[in-house]
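Have a go at each task before you read its solution.

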Amino acid sequence: MVNAIFRGNTKYFVTLPKEELLLARTLGALGTTYLLLLTTVKADITVIHCTMRNDSIIGSLNVLVPLAMTVLLAHKLSLPGMKSQLSQFLFMAGLSFTRFPNVVHAFNELNIMTSDLGQLAVSCSMVSEKIVWLLLFLGAYLIEPRYLFYCVISTRAFLLLTFGIIRLVIMLIIQKLPERKPVSEFYISSILVVALVMASLTDMIGSINLGVMMFGLVIPNGLLLGVTLSEKIELITMEILMLMFYVVARFNADIRLVDLKVSGEILLIILMTTLLKIVGALVAALCCKLRLQHSILLGLMLNIKGPYDVYLLNRWLVQDIDRKAYTMTVLSQVAIAAVVTPLIDLFYNPHKRLSGSTRKLRRSMQTHPSNVELRIICCIHNEDNVLGIISLLEASNPTVASPICAYAVHLNELAGHATPFILPYNKQMRRTKSKRSYHIIRAFENYSTNSNHLVKVKPYMGIALYKTMHEYICRLAQEEGGPLIVLPFRGSPETSNVLKGGVIFIGGTDDREALALAICMVGRPNVSATVVRIIFQDVGKDIDEITEMKLNGGLIELFRAKVGATYHEVVVEDSEQAVSEIQGLKNKFDLVMVGQKRRAGSVFLEETMLNWSENPELGVIDDLVASSDFRGETTSALVMHH
């Protein structure tokens, strides 16, 4: 598009028949409509609303600061290319807004939609959209007071139709869809037709984008219907329909008409509005105690331009602005997008926390107080994991003084091009209902009731790619202060009941984590905990080794002081003898706990022994006790240092 604009209109476009141009315009409008539908289907507003608190302040200042300057200058300036004073005001005011579709579309491309700053920026763009509608209502009232009544009634009727009837129909369709089977083409075609009908209805009100946006937001993201819809229409929308949209934009723009002496004021207004938007967002973000770097990046994010801005300019062309103003504005927006987007991609790390006062705390089972609620992040892939995790929670000895709060997270693999998310299950149920998630969460809630509420359950639902799923889990653990994450290993058998727990202790941070969990279990009626400590003979002791021995000894003494704790020591000469002793523990425990790794350079030669391990990611000992030859009816719990 940029190349074509700078080359100017070619002979083909000068002689383009009106019928073909009309077809291109129609296909382009269809492309922007379906692009808006895809964008809002991928945007899960429940994720945004459950995490953002400062969006109203930042979003309002980001819009109102440049808008106030626009109001002051609108009556004093006479911009070239504007057909009327009202057109000039609307043009200048439009530059002050951050459009929700542009932000979501850009963030999906940058893969920062679910980051903290990304969610805040999207939420601020929603505030901007609300301000747009308030100004539309105000404009209707100033033109004719009775127009305001018609606008409010028509808008409320449309929202009632969308969220009261259409949303109910969508949910009924989802409930009838068979799991793991393709969605009927009839449903997909019907949704595409309804999207056009909704756009037509709101175009009568005065905003074609509202109908498609609201319709897209009631279609659940991440599940079968939303994923199938994205897969069916994304390719044709992006590669064919949007191509026609850019052809029309290229036909409308002609760089030969640009004269900086005449159109320089438009360029200055665009640059001034961009800077004021950054300043407004920066000041508001700093007042909300965000980091300086994140505040600047947020200001850049709220200046993102996209196809929706060009679409509005296409509609304003001829009636409100001429081709000179149109070309200058399009070139400016392309330049802004070309600068802002790479800067965000280069300098923003989505894994950093927003608040400058947030410190990274290292939580572990060893440092967790015994008289404080124990928060455990329980990851569930399917129904087979439920019984084992509940048995582990039961064995962890919840008491009145030290109850357990279990964050039951049902994890689903992300399919298609949907947006990943993790959020409380009750809020997610507002937009989607998953039968598998319902059964899993229901089992945990029943267990919480039967435990006399000594175990409190907070259900979550997560959809993400397997390669990035750990990022969302670790973020949840960091936010909630959970020292323990339980993640079922592939192919692990169910644990029906834990009566005998055993710890294989050699030494190191991870083994101490396993021992700390065993200390929690001691005192549970009908549950016994045994520590088998493996000691190597003739070990040279350096400073690090002496420190490790002190830490190990202190935790061992704490365990032995517990009533009902059983402790054994086994002296071995080398790694082979240690493995032989571990194999002798076969079928003696219901649950075997052991750390993943030992300290580098220890006498237990893990680096060498990993070469013949079936699952080296578990560690040598864990791979041994998780094997079918060892475990029998027991399972292995992998405990890593948090």
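**Exercise 1.** Keep in mind that this model is predicted. Decide whether Asn252 counts as buried or exposed.

*Solution.* Start with the cut-off: buried means under 20% relative accessible area. Asn252 has 3% relative accessibility, so it counts as buried. Next, find its place, which is in helix H12 (residues 224-252). Finally, look at what surrounds it: leaving aside residues up to four places away in sequence, Asn252 touches Arg25, Asn314, Leu317, Arg323, Tyr326 and Thr327.

**Exercise 2.** Work out how helix H5 (residues 55-74) and helix H8 (residues 116-143) pack.

*Solution.* First, take the geometry: the axes lie 8 Å apart, and the angle is about 55°. Then name the arrangement. Angles from 65 to 115 degrees would be roughly perpendicular and those under 35 roughly parallel, so H5 and H8 are oblique to each other. The crossing of H5 past H8 is right-handed.

Now list who meets whom. H5 brings Asp55, Ser56, Ile58, Gly59, Ser60, Val63 and Leu67, while H8 brings Leu120, Ser123, Cys124, Val127, Ser128, Ile131 and Leu135. Sorted by class, this contact has eight nonpolar, five polar and one charged residues.

**Exercise 3.** Explain why the buried residues of H23 line one face of the helix.

*Solution.* Begin by picking out the buried residues in helix H23 (residues 575-583): Ser575, Ala578, Val579 and Ile582. Then look down the axis of H23: these buried residues fall within an arc of 100°, so they line one face. Here's the general rule behind it: an α-helix has 3.6 residues a turn, so residues three or four places apart point the same way.

Conventions
Residues numbered from 1 in each chain as written. Predicted model: local features only at pLDDT ≥ 70, side-chain atom pairs only at ≥ 80, totals over all residues. Heavy atoms only, no water. Axes fitted to C-alpha atoms, helices over the stretch in contact; angles between N-to-C directions. Helix = DSSP H or I, 4+ residues; strand = E, 2+ residues; numbered from the N terminus. Parallel < 35°, antiparallel > 145°, perpendicular 65-115°, else oblique. Left-handed = near helix turned anticlockwise from the far one by under 90°. Contact = heavy atoms within 4.5 Å. Nonpolar A, V, L, I, M, F, W, Y, C, P; charged D, E, K, R; others polar. Buried < 20%, exposed > 50% of the residue type's maximum accessible area, 1.4 Å probe, protein only. Arc of directions from axis to C-beta.
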